[in-house]
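Please look at the sequence and the 3D structure below.

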Amino acid sequence: TKINGANFVFPAASAAWGVVTHWAIYDVAATSGTNMLAHGALSNQRTVAINDTPSVAAGDIEITLTNISAGGFTDYAKRKLLDLAFGASTFTMPALHIGLGTALVGEAITEWTDSAYGRQAAAFDASSGGVAANTSIEVFSASVADGTAILTHLGVWDDSSSGNLIMVGTV
């Protein structure tokens, strides 16, 4: 969750705005045809008349990324995305690795323990319509001795053997 840490005070309205019901945050000035990053309904609607100076108090805007039932971004990844989107940090793209697991406990995958298994380096296409696909087929090896594992989840990590789990999905 990200919460605004400063008051936003708009210039005095040169005309009546009517009833204001929603807020939105853009990546640059809204007048230049840019991208909306977040939006939501105001908890208290307000009528803005001519010469009013509308404002939003610190702590009044709360943006939360939630998990989807079949998987999604981990809390670690959501914090990084919110920090990046709202200017709290810079971003260096990590080398991504896909791994497999036999269970999901909270936000941790019980990773496959086969002696021949290892996470596979992965690359993804640029997103389109909210979807990004891996650019190649990832092949995992298994030893002859382990034919009993039931793989239930996959994960994307920022390291080949340890690191942070970025997102989770079902197999």
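Predicted model: local features only at pLDDT ≥ 70, side-chain atom pairs only at ≥ 80, totals over all residues.

Q: How many strands are in the chain?
A: The elements of the chain run β-β-β-β-β-β-β-α-β-β-β-β-β from the N terminus on. The one α in this order is the one helix of the chain. The number of strands in the chain is 12.

Q: What share of the residues of the chain count as buried?
A: Buried means under 20% relative accessible area. The chain has 171 residues, and its accessible surface comes to about 11,100 Å². Of this surface, 56% belongs to carbon and sulfur atoms. The share of residues that count as buried is 22%.

Q: Why is strand β11 largely enclosed by the rest of the structure?
A: Strand β11 covers residues 153-157, which are five residues. A residue is buried if its relative accessible area is under 20%. Strand β11 is largely enclosed because the number of its residues that are buried is four of the five.

Q: Which strand pairs with β8 in the antiparallel sense over five bridges?
A: Strand β8 covers residues 96-105. G101 stands opposite H153. H153 is in β11, and the strand that pairs with β8 is β11.

Q: Which residue in β12 stands opposite L154?
A: Strand β12 covers residues 165-170. Five bridges join β12 to β11, and the two run antiparallel. The residue in β12 opposite L154 is G169.

Q: Does T74 count as buried or exposed?
A: T74 is found in the loop between β7 (71-73) and α1 (75-85). Its relative accessibility is 3%, and the cut-off for buried is under 20%. At this value, T74 counts as buried.

Q: With which residues is T74 in contact, leaving aside its neighbours within four places in sequence?
A: Strand β12 covers residues 165-170. The contacts of T74 include L165, I166, M167 and V168, which have numbers within that range.

Q: How far apart are the mean positions of the positive and negative charges of the chain?
A: The chain has 6 positive and 14 negative charges. A mean position is taken for the positive charges and another for the negative charges. These mean positions are apart by 9 Å.

Notes. Residues numbered from 1 in each chain as written. Heavy atoms only, no water. Buried < 20%, exposed > 50% of the residue type's maximum accessible area, 1.4 Å probe, protein only. Pairing = 2+ DSSP bridges. Areas by Shrake-Rupley, 256 points an atom, 1.4 Å probe, with all protein chains shown as cover. Lys, Arg positive; Asp, Glu negative; His and termini not counted. Charge placed at Lys NZ, Arg CZ, Asp CG, Glu CD. Contact = heavy atoms within 4.5 Å.
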